[in-house]
Amino acid sequence: MPVFPKATPNATAAPRVNRRRFLVDGAALGCCLAASPLLTPVSFAATPSDARLVVIILRGGMDALDVIQPYGDPAYAALRPGLAGGPDHGGLDLDGYFALHPGLAGLMPMWHADQLAFVQAVSTPYRNKRSHFDGQDVLEAGTPGVHQSRDGWLNRLLQILPGSEARTAFAIGQEDMKLLHGAAAVSQWSPDAALALSPQAERLAALMTEGDPLFHGALAEALELTRDASSVSGGQTGQSGGAGRRPPHQRIADYAAQQLRGDSRIAAFSINGWDTHNRQARTLTRSLGRLADSVLALQAGLGPSIWDKTTVIAVTEFGRTVRENGTGGTDHGTGGAMMLAGGAVRGGRVFGQWPGLAEADLLDRRDLMPTGDVRSYMGWALHATMGVSLADLRDHVFPAVELDSNPGIIRE
Amino acid sequence: MQFDGELAEIRFGCGLSARHRPPSGLEDMLAGLTAADTAAQDWPIAGFDVALKEARTYVLARRAQQKAAGTDAFEAQNSALKAQRGRLLDLRASWFQARLLRCATTDTPFRERLTLFWADHFTAQGKVPALRYSASPYVETSLRPRISGRFEDLLIAAVTAPLMLHYLDQHRSTGPNSPRANRVAKRRGQDIGLNENLAREVLELHTLGVDGPYDQTDVRQLAELFTGLGYSMREGFTFRPGWAEPGPETVLGQTYGAGSPELDAVLDALRDLARHPATAQHIARKLAVHFVSDTPDTQLVAHVAARFAKTGGDLRQVYAALIEHPAAWHPELANVKPPFAYLASVCRAFDAEGRAVAALNRLDTNRLFLRPMQAMGQRWEFAAGPDGWEEADAAWITPQALAARIRWCMDAPQNLLGTLPDPGQAAQVALGQQLDGRLRFVVSAAETRREGVGLLLASPTFQRR
């Protein structure tokens with residue numbers, strides 16, 4: 001089985017890296033109360049670095065052409081008669097060639113502050129089948145092909161980050177985050193997992209689990225995390241309204257920000273709703289709104305000094321067909337776009353090599369031709385912000401990734 | 001050894017209930033496996049032929065909808081597609097209910113547990129909308145009738161099941177030198193070829209185990225041998241000689257398929273793999289881990305493996321070896337029930353009205369069962385990979401997942417039952433001799449009936465088996 005473990009040089013003899021191992025380790029943390037950072041304050045002197053990383057998986061396949069609209073490309077308008085973009089159709093001009101979908105209008109101040117960037121015409125190495133299932137597998141495994149690893153690239157990163165422990169990385173929300181599966185301990189919580197018990201029930205539950213360390217530890221941790229999460233609404237994010245009133249995606253971002261203000265350095269969560277086969281104009285606007293809200297909630301929740309050290313990466317499993325389909329939408333494609341936000345980002349520009357939309361420039365005469373590997377951009381971001389060596393990136397995090405030239409997406 | 005019927009019901013069954021008498025002994029447990037399958041008759045699940053028919057309807061409806069785009073017919077075709085999508089979701093809800101109710105109401109719960117075990121061992125999933133909810137029909141058709149027969153027959157049924165061929169990409173795998181590959185190369189200038197996914201998982205997960213005596217060459221050779229296995233939505237399983245790699249293949253030193261490509265060579269290889277000593281060891285260990293403990297007694301595993309080897313994988317004999325061994329009967333409860341088994345054991349303990357559960361519409365089924373299960377870490381019929389669900393207790397009892405369990409058992413019983421039972425009496429029914437003084441106190445000291453019942457179900461005693 002081709003896995004890419006750091007600790008075991010002989011890959012064929014490596015024990016199966018358990019896909020749910022992160023849950024195991026998360027709970028192991030819970031069962032040894034003495035080791036829990038919640039109950040026993042621990043010093044984080046050895047914490048990897050001060051940089052913060054947020055990875056947002058956009059599940060469903062985001063349409064790059066509608067989000068970062070290449071209105072300067074002569075072939076664009078004809079391909080998208082119903083899904084017209086560019087400044088004449090409500091798009092927000094970015095650089096005279098690309099325009100931003102108005103659904104992300106809330107992020108324009110960030111663009112003008114050079115804290116928001118996009119990369120066009122990128123994809124994972126996944127080709128041909130265009131399945132969500134396999135596409136997300138490759139995106140989260142970080143491998144060159146499908147079914148090459150059951151653990152995720154972000155977990156492999158943790159395995160080589162010095163001083164990493166269970167609270168360093170958080171998977172947030174109900175969605176399974178495969179990119180954090182693997183041997184390194186990570187934490188997991190969802191703001192809607194809150195456990196509200198009456199004081200009496202809480203005492204009785206503690207008593208009842210006393211003889212069972214696994215249950216006792218997990219229960220204590222759940223109650224603690226609940227109290228912890230409910231404090232997010234206490235005005236610390238600078239947003240109005242209690243946590244209960246904010247929609248779930250914002251509560252996830254609020255919670256991520258809260259953890260990243262503390263001992264955590266990495267957070268990952270999902271935003272769904274990008275599989276826009278039908279009536280894309282409506283569905284995409286909604287999903288983009290959620291993405292914008294989430295990024296703004298992170299910015300507000302982290303505050304200026306931490307936001308300054310933050311890189312938010314939003315990636316999707318593939319792009320969509322360049323031609324609009326017959327139902328006001330687009331179908332599964334290949335080349336797509338990624339979004340970068342945060343004070344650490346060298347923003348205010350659209351990166352990537354634009355391949356063009358002429359028929360001959362397309363992949364299989366239907367998809368945007370990928371000219372870059374999302375793994376390579378993510379790799380350079382990890383290198384620049386967390387000091388991960390190029391060799392470690394190539395050997396462990398993103399096996400066989402090409403890292404020949406630095407695209408310069410992170411501020412010097 | 002004194003047979004403990006209550007423990008049998010908890011560890012090898014679906015939990016205690018007021019309605020069902022625990023088994024009287026080992027023979028009783030085994031006899032249940034070959035008795036008439038009344039649970040399946042009471043709560044039917046469609047066979048895979050029905051799932052394929054529904055999938056075909058879906059695909060045709062989608063095609064028609066796409067074709068009608070921009071015409072007046074679109075709205076009608078679009079509603080037809082939506083209706084079929086809704087129908088698939090309704091079927092999925094009713095199949096889930098049937099799976100749950102079989103566990104909750106059966107007289108032969110060991111059969112249900114073994115069905116769940118093998119459904120997990122041979123995990124298969126639909127990767128496209130048309131097949132997304134067809135795992136229960138797959139289990140019903142390919143696995144359930146064979147769980148007490150020979151392992152090789154179970155293996156062959158699983159490996160040639162259309163859903164497995166789809167899930168692990170076998171239906172697209174083509175011999176690089178097959179007539180089809182040559183044709184495609186000539187016509188489209190494209191190279192098509194082998195997909196090793198199923199071959200690898202058969203060796204690593206289904207038979208020998210990851211530590212088994214095979215290497216990459218065996219994977220490759222088995223993948224070449226598997227070419228030709230396929231299915232169509234119209235016919236189900238088919239063997240397509242034109243896709244098969246010509247020439248013999250050697251797997252673990254045995255040569256198969258010297259003549260023209262035929263299914264028998266594939267089946268011969270699967271039979272040999274099924275009878276391999278490493279397979280006996282792998283299956284014995286998995287059974288012991290699943291039923292007894294995360295760290296099972298080595299003698300127990302050896303005993304079960306020896307019976308597997310001696311009987312050539314006669315599964316009824318293998319189960320007999322498992323339950324006759326004293327190490328399988330340690331009195332303290334060990335393994336944590338995974339979410340599905342947990343919810344089923346609640347329904348069984350409380351004697352939830354089967355007809356009422358079966359009458360739930362799909363939204364209520366989602367609200368009461370499927371969404372909570374996902375929050376507990378188990379997205380029904382969608383384990384994260386072909387290796388199925390985690391066995392380790394700690395994988396299920398994370399802070400987040402335990403919170404989801406406790407939330408559920410504080411609120412769902414009320415929704416499920418209408419009126420809640422007396423918590424003390426419910427504890428007696430649900431736990432029998434396992435109910436100790438401390439838990440009796442906890443349940444009685446709760447301020448409300450709701451919390452009393454909730455705490456009972458949230459207790460480690462009820463959640464372990």
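In the predicted model, both B:Phe110 and B:Tyr319 are buried. Their rings have centres 6.0 Å apart and planes at 70°, and because an angle over 60 degrees counts as edge-to-face, the pair is assigned to that class. B:Phe110 belongs to helix H6 (residues 109-121) of chain B and B:Tyr319 to helix H16 of chain B, so that the pair ties together parts lying 209 residues apart in sequence. The two residues are also members of one aromatic cluster, which is formed by B:Phe3, B:Phe12, B:Phe110, B:Phe117, B:Trp118, B:Phe122, B:Phe151, B:Phe291, B:Phe308, B:Tyr319 and B:Trp329.

Over all chains, the count of aromatic pairs comes to 25. Another of these pairs is found in chain A, where the rings of A:Trp111 and A:Phe118 have their centres 6.2 Å apart and their planes at 35°, so that this pair is tilted. A:Trp111 and A:Phe118 are both buried.

Helix H16 (residues 315-324) of chain B also packs against helix H14 (residues 277-291) of chain B, the two axes coming within 11 Å and crossing at roughly 50°. H14(B) and H16(B) are therefore oblique to each other, and H14(B) passes H16(B) in a right-handed crossing. On the side of H14(B) the contact is made by B:Leu287, B:Ala288 and B:Phe291, and on the side of H16(B) by B:Val318, B:Tyr319 and B:Leu322. The residues of this contact divide into 6 nonpolar, no polar and no charged. B:Phe291 and B:Tyr319, which take part in the contact, are both listed in the aromatic cluster.

H14 and H16 are also included, together with H6, helix H2 (26-34) and helix H17 (339-349) of chain B, in what covers the buried residues of H1(B). Helix H1 (residues 5-12) of chain B is mostly covered, with 7 of its 8 residues buried; these are B:Gly5, B:Leu7, B:Ala8, B:Glu9, B:Ile10, B:Arg11 and B:Phe12. Of these buried residues, B:Phe12 is likewise listed in the aromatic cluster.

Helix H24 (residues 449-458) of chain B has 8 of its 10 residues buried and is therefore largely enclosed by the rest of the structure. The buried residues are B:Glu451, B:Gly452, B:Val453, B:Gly454, B:Leu455, B:Leu456, B:Leu457 and B:Ala458. What covers them includes an element of chain A, helix H7 (199-208), together with H17, helix H21 (399-417), helix H22 (423-431), helix H23 (437-445) and helix H25 (460-463) of chain B.

B:Ala375 is found in helix H19 (residues 362-375) of chain B and, at 12% relative accessibility, counts as buried. B:Ala375 and B:Val251, 124 residues apart in sequence, are 42 Å apart in space, C-alpha to C-alpha.

In chain A, A:Gly72 is placed in the loop between strand E2 (68-69) and helix H3 (76-79). With a relative accessibility of 32%, A:Gly72 counts as partly exposed. The C-alpha atoms of A:Gly72 and A:Gly96 are separated by 7.2 Å, the two residues being 24 residues apart along the chain.

Terms used:
Residues numbered from 1 in each chain as written. Chains lettered and ligands numbered in written order. Predicted model: local features only at pLDDT ≥ 70, side-chain atom pairs only at ≥ 80, totals over all residues. Heavy atoms only, no water. Axes fitted to C-alpha atoms, helices over the stretch in contact; angles between N-to-C directions. Helix = DSSP H or I, 4+ residues; strand = E, 2+ residues; numbered from the N terminus. Parallel < 35°, antiparallel > 145°, perpendicular 65-115°, else oblique. Left-handed = near helix turned anticlockwise from the far one by under 90°. Contact = heavy atoms within 4.5 Å. Nonpolar A, V, L, I, M, F, W, Y, C, P; charged D, E, K, R; others polar. Phe/Tyr/Trp six-rings, centres within 6.5 Å; stacked < 30°, edge-to-face > 60°. Buried < 20%, exposed > 50% of the residue type's maximum accessible area, 1.4 Å probe, protein only.
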